[in-house]
Amino acid sequence: MTNPPPTKSLPAATHRPHAAKPTAPETSVGEPKGAARKGALSARPSHRAQGDGRYPVAWLHISAPRGATPTATSKCLCGWDRSAIGHRRVLALIKDHEAHRDTCPLRTTQEGKAAA
């Protein structure tokens, strides 16, 4: 009689697995490490100037979807707030917005006014 061919079954385990040992519970008193109390910077800085000291003062927003009437708004931190509806009026507002750059009290210094 010949020996039967080997089967592809898993070998018998030589040892039994042990259950994981529980760890000691961590205390939940105090703040986590790296908390904001260490003076981390906020997502939005309190000052507006960044980088080279320049920051936006005036905005021109134009919306001209295909086949629709164009609209535009021009706003400035000095209080300038204009809007326009229609092709001709939007083009006029763009020119007014550009002209406002030269007359805006936030962009023009007192020394520049005296020199001009």
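This is a predicted model: local features need pLDDT of at least 70, side-chain atom pairs count only at pLDDT 80 or more; totals for chains, interfaces and linings use all residues.
**H97.** H97 comes out as buried, at 7% relative accessibility. I then looked up where H97 sits, and found its place in helix 1, which covers residues 87-103. Next I listed the contacts of H97, leaving out residues up to four places away in sequence. The list for H97 reads A58, W59, L60 and S74.

**Cysteines.** How many disulfides does the structure hold? My count came to zero. I wanted the reason for C78, so I looked up its closest cysteine sulfur, which belongs to C76 and lies 3.5 Å from the sulfur of C78. A disulfide needs the two sulfur atoms within 2.5 Å, so the sulfur of C76 is too far from that of C78 for a bond. I noted C104 next: C104 is in no disulfide either, and its nearest cysteine sulfur, that of C76, is 3.5 Å away.

Is C104 buried or exposed? I have C104 down as buried, with a relative accessible area of 0%. For C78 I noted 32% relative accessibility, which counts as partly exposed.

**Rings.** I searched for aromatic pairs and found zero in the structure.

Terms used: Residues are numbered from 1 along each chain as its sequence is written. Side-chain values use heavy atoms; hydrogens and water are left out. Rings of Phe, Tyr and Trp (its six-membered ring) pair if their centres lie within 6.5 Å; planes under 30 degrees apart count as stacked, over 60 as edge-to-face and the rest as tilted. Buried means under 20% relative accessible area, exposed over 50%, partly exposed in between (1.4 Å probe, protein chains only). Helices (H or I, at least four residues) and strands (E, at least two) are DSSP runs, numbered from the N terminus. Contact means heavy atoms within 4.5 Å.
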